[in-house]
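Here are my notes on the model you sent over, written up as numbered points.

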Amino acid sequence: MKTAPAFWWQPGLSLRAALLAPAALVYGAIAGRRMLARPAYESRLPVVCIGNFTVGGTGKTPFALRLAALLQAGGHRPVFLLRGYGGRERGPLRVDPDHHTSGQVGDEAFLLARAAPTIVAADRAAGARLAETLDADLILMDDGFQNPALHKDLTFALVDAAVGTGNGFVLPAGPLRAPLGSQILRADALVVVGEGDRADPVIHRAARRALPVLRARIEPEDTRRFEGLPVLAYAGIGRPEKFFDTLRRLGADLRETRSFADHHAFREDEARDLITRAEAAGLQLVTTAKDMARIEASDGEIFHWLAKESDVLRVTLAVEPEDRLQQLVADALRRRAFRA
């Protein structure tokens, strides 16, 4: 996957966006109609969807992990369902973290499988059918917001407060996966992640529909380990800048950064270059949990070396108010039970 173009995240109509606007109109019309289509399959398990309006990272995986932990603490047995982007397997397949690699099932699936049963499936309905055979009482679908194949009982739409919906245009003129109006109609709650005011227009549209609005923030698990540490940070995630900014806030002496495309599969020469640069300058390599999952799954001694030399900034997602999040899920489960 290529890195998202910078003009997507710049406010207003740029020349490049204007040139791509006709294609965006066609894509948006198709994507919007598809989103509003009748779901092809309704699972016997309730489905809670965690999605976003745009391409790129907004914290869906940390949110999914936090929600799963809350549900498990309440006695529920969630199963994750996702496409497995970046992996070779199309599924439906239950992920075994001791057998599969991120190269097979994708980095998100590899991380989620350590927290709860996880299924990857390009066909979400087929994935739901497999989930129904497990000892689970609900499905947490990571992404798939725009996919109409599976009925959703509750949908959380995440938006990054620092960038919002970018320039507000649909692919390829902007980062929106479908027209915002169509997407808002399919959202049941908005989750604003991080700090900033770029999500305000989305918040106002959500308020007009009386959608609940939750706030969330990424919190490092260890706030002292990187203080004063000279660092070469590298990441292949949706927005590497968020990762770099977090390290700076923790007091890391960020001497050098390397950005790669989302779900980037590191090559041997890239791994060697990172190790060489860090050793030559006396810097500590630091990366994300998703990147480490891909590195550890790569064949070759150089990747084992890179994994050994790299530290990982591990984070969790705090949601406020947390009791409101739990109540929204509980209400959705009651509605589903009543319909049944």
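**Salt bridges first, then the overall picture**

1. Let's begin with D245, which makes a salt bridge to R248, with 3.0 Å between the closest N and O atoms. Keep in mind that this is a predicted model. The two residues sit three apart in helix α8 (residues 240–249), so about one helical turn separates D245 from R248. As for the surface, D245 has a relative accessible area of 35%, so it counts as partly exposed. R248 is partly exposed too, at 44%.

2. Next up is R277, whose side chain meets that of E256 in a salt bridge at 2.9 Å, N to O. Here the partners come from separate elements: R277 is in helix α9 (residues 268–281) and E256 is in strand β10 (residues 253–259), so the pair ties together parts 21 residues apart in sequence. R277 is partly exposed, with 38% relative accessible area. E256 comes out at 21%, which is just over the 20% cut-off for buried, so it also counts as partly exposed.

3. What is E256 linked to in a network of salt bridges? The members are E256, R258, D273 and R277.

4. D269 and R267 form another salt bridge through their side chains, at 2.9 Å from N to O. D269 is partly exposed, at 42% relative accessible area, and R267 is partly exposed at 45%.

5. How many salt bridges does the structure hold? The count is 22. On charge overall, there are 45 positive and 42 negative side chains, and the centres of these two sets are 8 Å apart.

6. Zooming out, the protein has 12 helices and 13 strands. Its C-alpha atoms fill a box of roughly 65 × 50 × 35 Å along the principal axes. The radius of gyration is 20 Å, which agrees with the value near 20 Å that a compact globule of 340 residues would have.

7. Last, packing and surface. Of the 340 residues, 52% count as buried. Take the contacts between residues at least 6 apart in sequence: 76% of them join residues at least 24 apart. The protein exposes about 15500 Å², and carbon and sulfur atoms supply 51% of that area.

Notes:
Residues numbered from 1 in each chain as written. Predicted model: local features only at pLDDT ≥ 70, side-chain atom pairs only at ≥ 80, totals over all residues. Heavy atoms only, no water. Helix = DSSP H or I, 4+ residues; strand = E, 2+ residues; numbered from the N terminus. Rg over C-alpha atoms; globule rule 2.2 N^0.38 Å. Buried < 20%, exposed > 50% of the residue type's maximum accessible area, 1.4 Å probe, protein only. Contact = heavy atoms within 4.5 Å. Areas by Shrake-Rupley, 256 points an atom, 1.4 Å probe, with all protein chains shown as cover. Lys, Arg positive; Asp, Glu negative; His and termini not counted. Charge placed at Lys NZ, Arg CZ, Asp CG, Glu CD. Salt bridge = Lys/Arg side-chain N within 4 Å of Asp/Glu carboxyl O.
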